[in-house]
Amino acid sequence: MRIVVLAGGIGGARFLRGLKSAVPDADITVIGNTGDDIHLFGLKVCPDLDTVMYTLGGGINEEQGWGRADESFTVKEELAAYGVGPGWFGLGDRDFATHIVRTQMIGAGYPLSAVTEALCDRWQPGVRLLPMSDDRVETHVAVTDTGTGERRVIHFQEYWVRLRASVDAEAVVPVGAEQAKPAPGVLEAIAAADVILFPPSNPVVSVGTILAVPGIREAVAGAAAPVIGLSPIVGGAPVRGMADKVLAAVGVEATAAAVARHYGADLIDGWLVDTADADAVAEVEAAGIACRAVPLMMTDLDATAEMARAALALAEGAR
């Protein structure tokens with residue numbers, strides 16, 4: 001079975017671990033979000049790609065869901081001693097090595113897709129990890145400064161990590177997406193897929209940014225494979241993070257049914273909601289999308305594998 005997954009960071013990575021457990025013999029291609037990418041200290045940092053790579057390769061900090069296990073922060077502390085920032089983004093010493101290798105390879109002329117493949121040679125994540133594009137795309141967020149009242153645009157990482165989404169997001173813009181092209185292998189993987197999955201990743205700044213690259217949404221919508229999504233909203237609140245803040249910026253309620261309608265029946269064939277949102281099933285199906293209510297909390301590997309099996313069963317019924 002050939003499965004394509006459009007994935008962001010923590011939620012996507014943890015779902016993928018369950019998917020691999022559920023169907024260990026499947027050929028899985030992950031199209032990773034690169035809109036979160038940021039340049040820091042002269043280095044190109046790809047948070048979502050690295051989170052998938054570290055999680056599936058056994059190097060992730062399990063407690064926080066991002067960064068390396070057994071990490072130290074000597075370089076960060078030394079940079080701070082020189083007065084060099086930003087101090088709000090926590091790059092650890094082991095993590096720095098990944099970004100140094102990536103930046104050196106890009107500087108030598110390798111595209112991000114080739115660099116990601118080379119990094120995965122070390123981690124052996126058990127999936128084919130593709131960036132959505134080799135071109136530079138960065139998600140920015142429009143906010144109003146609470147001190148000055150001035151409207152400004154900041155990088156998504158500053159909004160998410162430094163501000164903790166404490167102010168309203170007035171607009172979300174994937175800068176560069178309109179000019180970007182899908183990375184090599186992305187469209188081919190979608191066309192060849194037996195199933196396409198949207199894990200419980202952020203529908204605006206993760207899956208939404210991937211779909212913003214010209215050609216990808218069209219390829220998914222036109223694919224022969226059934227497209228199944230899992231709701232990142234349970235009981236009217238994000239399972240993790242602050243997805244409600246960016247959903248509001250695009251005029252979408254933070255409900256399981258509203259996110260399904262946001263994707264639309266032209267894009268997804270099936271949608272899983274949590275049992276807490278079972279009353280949303282009829283509303284989603286009225287929008288032309290097959291829907292089932294199953295437990296969607298990734299409490300452990302077994303629970304996540306059951307989520308993956310439910311998604312594949314819904315896909316089978318949608319064929």
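Predicted model: local features only at pLDDT ≥ 70, side-chain atom pairs only at ≥ 80, totals over all residues.
Trainee: How do you know that the length of helix H5 agrees with its number of residues?

Mentor: Helix H5 covers residues 112–123, and its 12 residues, at 1.5 Å a residue, should span 16 Å. The C-alpha atoms at the ends of H5 are 16 Å apart, so the two values agree.

Trainee: Which residues of H5 are called buried, and what makes them line one face of the helix?

Mentor: A residue is called buried when its relative accessible area is under 20%, and in H5 this holds for Leu112, Ser113, Val115, Thr116, Leu119, Cys120 and Trp123. Seen down the axis of H5, these buried residues fall within an arc of 155°, so they line one face of the helix. On the other side of H5, Glu117 and Asp121 are exposed.

Trainee: What do the buried residues of H5 pack against?

Mentor: They pack against strand E4 (43–45), helix H2 (47–57), helix H4 (93–107) and strand E5 (128–131).

Trainee: Why is the contact between glutamate 62 and arginine 17 called a salt bridge?

Mentor: The rule asks for a side-chain nitrogen of Lys or Arg within 4 Å of a carboxyl oxygen of Asp or Glu. The closest N and O atoms of glutamate 62 and arginine 17 are 2.8 Å apart, so the pair meets that cut-off. Glutamate 62 lies in the loop between H2 and helix H3 (74–81), whereas arginine 17 lies in helix H1, so the pair ties together parts that are 45 residues apart in sequence. By this rule the model has 12 salt bridges.

Trainee: Why are glutamate 62 and arginine 17 called partly exposed?

Mentor: Partly exposed covers what lies between buried, under 20%, and exposed, over 50%. Glutamate 62 has a relative accessibility of 44%, so it counts as partly exposed, and arginine 17, with a relative accessible area of 26%, is partly exposed as well.

Trainee: Are the salt-bridge partners arginine 102 and aspartate 50 buried or exposed, and where in the chain do they lie?

Mentor: The side chains of arginine 102 and aspartate 50 meet in a salt bridge at 2.4 Å, N to O. This pair links distant parts of the chain, with arginine 102 in helix H4 and aspartate 50 in helix H2, 52 residues apart. Arginine 102 is buried, and so is aspartate 50. Another salt bridge joins aspartate 37 and lysine 44 at 3.3 Å, N to O, and both of these residues are buried too.

Trainee: What makes E5 and E14 the edges of the sheet of 7 strands?

Mentor: The strands of this open sheet stand in the order E5-E2-E1-E9-E10-E13-E14, with parallel pairing. E5 and strand E14 (290–293) each have a single partner strand, so one side of each is left without a neighbour in the sheet. Neighbouring strands here are turned by 20° against each other on average, direction ignored.

Trainee: What is the strand order in the open sheet of 3 strands, and which strands are at its edges?

Mentor: The order is E7-E6-E8, with antiparallel pairing. The edge strands are E7 (151–155) and E8 (171–175), each of which pairs on one side only.

Note on methods: Residues numbered from 1 in each chain as written. Heavy atoms only, no water. Helix = DSSP H or I, 4+ residues; strand = E, 2+ residues; numbered from the N terminus. Expected span 1.5 Å × (residues − 1). Buried < 20%, exposed > 50% of the residue type's maximum accessible area, 1.4 Å probe, protein only. Arc of directions from axis to C-beta. Contact = heavy atoms within 4.5 Å. Pairing = 2+ DSSP bridges. Axes fitted to C-alpha atoms, helices over the stretch in contact; angles between N-to-C directions.
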